[in-house]
Amino acid sequence: MHRRKFLRTASTAALTTSLSKILRAQDPPPIIRKGGARPTTPHGTAAGDVAHDRAIIWSASDRPAQMLVEWDKTDRFRDPTRVLGPAAIEATDFTGKLDLRNLPPGERIFYRVLFQDLRDLKTWSEPVTGSFITPPRPDGQARDLKIAFTGDVCGQGYGIDLARGGLKMFETMRAAEPDYFIHLGDTIYADNPIQAEQKLDDGTLWKNITSESKAH
């Protein structure tokens with residue numbers, strides 16, 4: 001090989017190696033994830049079929065991921081119990097359901113759901129949390145239950161008026177910390193649209209929160 005060709009080839013190789021090192025140095029470390037790289041839980045989480053020692057925990061990921069549930073008797077999760085859930089894959093619409101067992105009766109249980117990306121096991125979702133109360137054992141000491149329920153919501157021109165406190169009944173029920181909530185009646189009136197303002201008999205205006213609707 002001629003000296004000039006050798007020097008040109010060596011210089012190109014050195015430059016390529018240097019560029020590769022520079023580009024690697026600019027990559028974020030593994031612990032820093034780019035936006036959208038972590039699994040997300042677009043539908044939150046839910047608990048149901050609660051018994052004195054068990055409950056069903058449900059959640060969904062936005063991609064193939066392994067479900068993990070942690071539960072504790074405080075919302076600080078200082079000594080959580082970890083339970084491995086199913087794999088949320090396309091066949092289940094990326095949903096996961098876990099039968100959480102061996103729970104203490106008559107306690108408020110705090111739980112959080114995480115998803116581990118099956119394509120990158122080092123990547124986890126942000127935890128999504130919830131809580132529920134287990135009833136006492138059938139042979140244990142009974143206690144009173146608080147049950148809250150509503151009727152029809154928002155109709156005949158009356159919706160959410162923030163100046164009047166919004167939907168006060170929901171805040172009243174939340175403050176009472178009920179064990180069960182039952183929603184009775186309609187949630188919308190599609191044949192009775194709510195306008196931005198509703199004039200009352202005393203001449204004042206009921207001002208609703210509204211959003212634009214486009215006809216199809």
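Mentor: S125 lies in the loop between strand 6 and strand 7. A strand is a DSSP run of E, at least two residues, numbered from the N terminus. The model is predicted: local features need pLDDT of at least 70, side-chain atom pairs count only at pLDDT 80 or more, and totals for chains, interfaces and linings use all residues. Residues are numbered from 1 along each chain as its sequence is written, and side-chain values use heavy atoms, with hydrogens and water left out.

Trainee: Why does S125 count as buried?

Mentor: Buried means under 20% relative accessible area (over 50% is exposed, in between is partly exposed; 1.4 Å probe, protein chains only). S125 has 2% relative accessibility, so S125 counts as buried.

Trainee: What does the side chain of S125 reach?

Mentor: The backbone nitrogen of F115, at 2.8 Å.

Trainee: How do you know that strand 6 and strand 7 pair?

Mentor: Two strands pair if DSSP finds at least two bridges between them. Strand 6 and strand 7 have six bridges, in the antiparallel sense. Take F110: the bridge partner of F110 is S131 in strand 7.

Trainee: Which strands make up the open sheet, and in what order?

Mentor: Four strands, in the order 4-3-6-7, with antiparallel pairing.

Trainee: What makes strand 4 and strand 7 the edges?

Mentor: Strand 4 (81–88) and strand 7 each have a single partner strand, so one side of each is left without a neighbour in the sheet.

Trainee: What makes a pocket a pocket?

Mentor: On a 1 Å grid over the protein atoms alone, a pocket is an open set of points with protein on both sides within 12 Å along at least five of seven lines. A lining residue has an atom within 4 Å of a point.

Trainee: Which residues lie nearest the centre of the largest pocket?

Mentor: S131, F132, I133, P178 and D179, out of 22 lining residues. Strand 7 gives the largest share of this lining, five residues. Strand 1 (45–48), strand 6 (108–117), strand 7 (128–133) and strand 9 (180–183) each supply at least two.

Trainee: How does the lining of the largest pocket divide by class?

Mentor: Into eleven nonpolar, six polar and five charged residues. Asp, Glu, Lys and Arg count as charged; Ala, Val, Leu, Ile, Met, Phe, Trp, Tyr, Cys and Pro as nonpolar; the others, Gly among them, as polar.

Trainee: And how many charged residues line the second largest pocket?

Mentor: None: that lining has nine nonpolar and five polar residues. Y189, P193, I194, I209 and T210 lie nearest the centre of the second largest pocket.

Key:
1 Å grid on protein atoms, 1.4 Å probe; cavity = no way out; pocket = protein on both sides within 12 Å on 5 of 7 lines; lining within 4 Å. Polar contact = N/O pair within 3.5 Å; in protein donor to acceptor, adjacent residues only side chain to side chain.
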